[in-house]
Amino acid sequence: GDIPGKFLNLFPTTTKFNSTFDRAFSKLPTGADIIQKFPQKYWPYLHLSRVDKPIGSWLLFLPGAWGICMAPGLINIPLLGLFGIGAILMRGAGCTINDMYDVDLDRRVIRTRDRPLASGQLNKQQATQWLAVQLGSHLSSSSL
């Protein structure tokens, strides 16, 4: 018989793995779903923080979470939660600062012209206030 072929059949193929993975993660809400749960007057602020594009927060959170989980002893779930909140807030603050500095450039680039500052949905004073809320929230959550 075909011993190598029978052996390989013991392991799921990439296609089987991807379809299982896709089914599991397709049930998670998207960033746009999360934004729509808030009143519409907050949407520009959430877009400014890129809540609708959570990959940046994941990329900030996952290495730190890995480190927390690798620490000796039991996994510190409250610390993971605080780290997750901090990752979302600090990534959002970074996006806000970026948009404040690049507002003139963002108005000229097709991909970025619909951002809240570039499109005029928010002004720089509102962005500065939102930045203060994000940074202040991060400081208060990190002191717990």
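The side chains of R115 and D99 form a salt bridge, 3.3 Å from N to O. This pair joins distant parts of the chain: R115 sits in the loop between helix 7 (103–108) and helix 8 (116–119), D99 in helix 6 (residues 77–101), 16 residues apart. A salt bridge here is a side-chain nitrogen of Lys or Arg within 4 Å of a carboxyl oxygen of Asp or Glu. Helices are DSSP runs (H or I, at least four residues), numbered from the N terminus.

The model is predicted: local features need pLDDT of at least 70, side-chain atom pairs count only at pLDDT 80 or more, and totals for chains, interfaces and linings use all residues. Residues are numbered from 1 along each chain as its sequence is written, and side-chain values use heavy atoms, without hydrogens and water.

The structure has four salt bridges. Three of them are tabulated.

| Salt bridge | N to O distance |
|---|---|
| R115 and D99 | 3.3 Å |
| R107 and D104 | 3.2 Å |
| D106 and R115 | 3.7 Å |

Shared partners join R50, D99, D106 and R115 into one network. Relative accessible area is 6% for D106, which is buried (under 20%; exposed is over 50%, partly exposed in between; 1.4 Å probe, protein chains only). R115 is buried at 16%. D99 is buried too. R107, by contrast, is partly exposed at 43%. R107 and D104 lie three residues apart in helix 7, about one helical turn.

W58 and F61 form an edge-to-face aromatic pair, 6.0 Å centre to centre with 70° between the planes. Rings of Phe, Tyr and Trp (its six-membered ring) pair if their centres lie within 6.5 Å; planes under 30 degrees apart are stacked, over 60 edge-to-face, the rest tilted. Both residues lie in helix 5 (residues 55–70). Ring pairs link W58, F61 and F83 into a cluster.

Technical notes:
Helix = DSSP H or I, 4+ residues; strand = E, 2+ residues; numbered from the N terminus.
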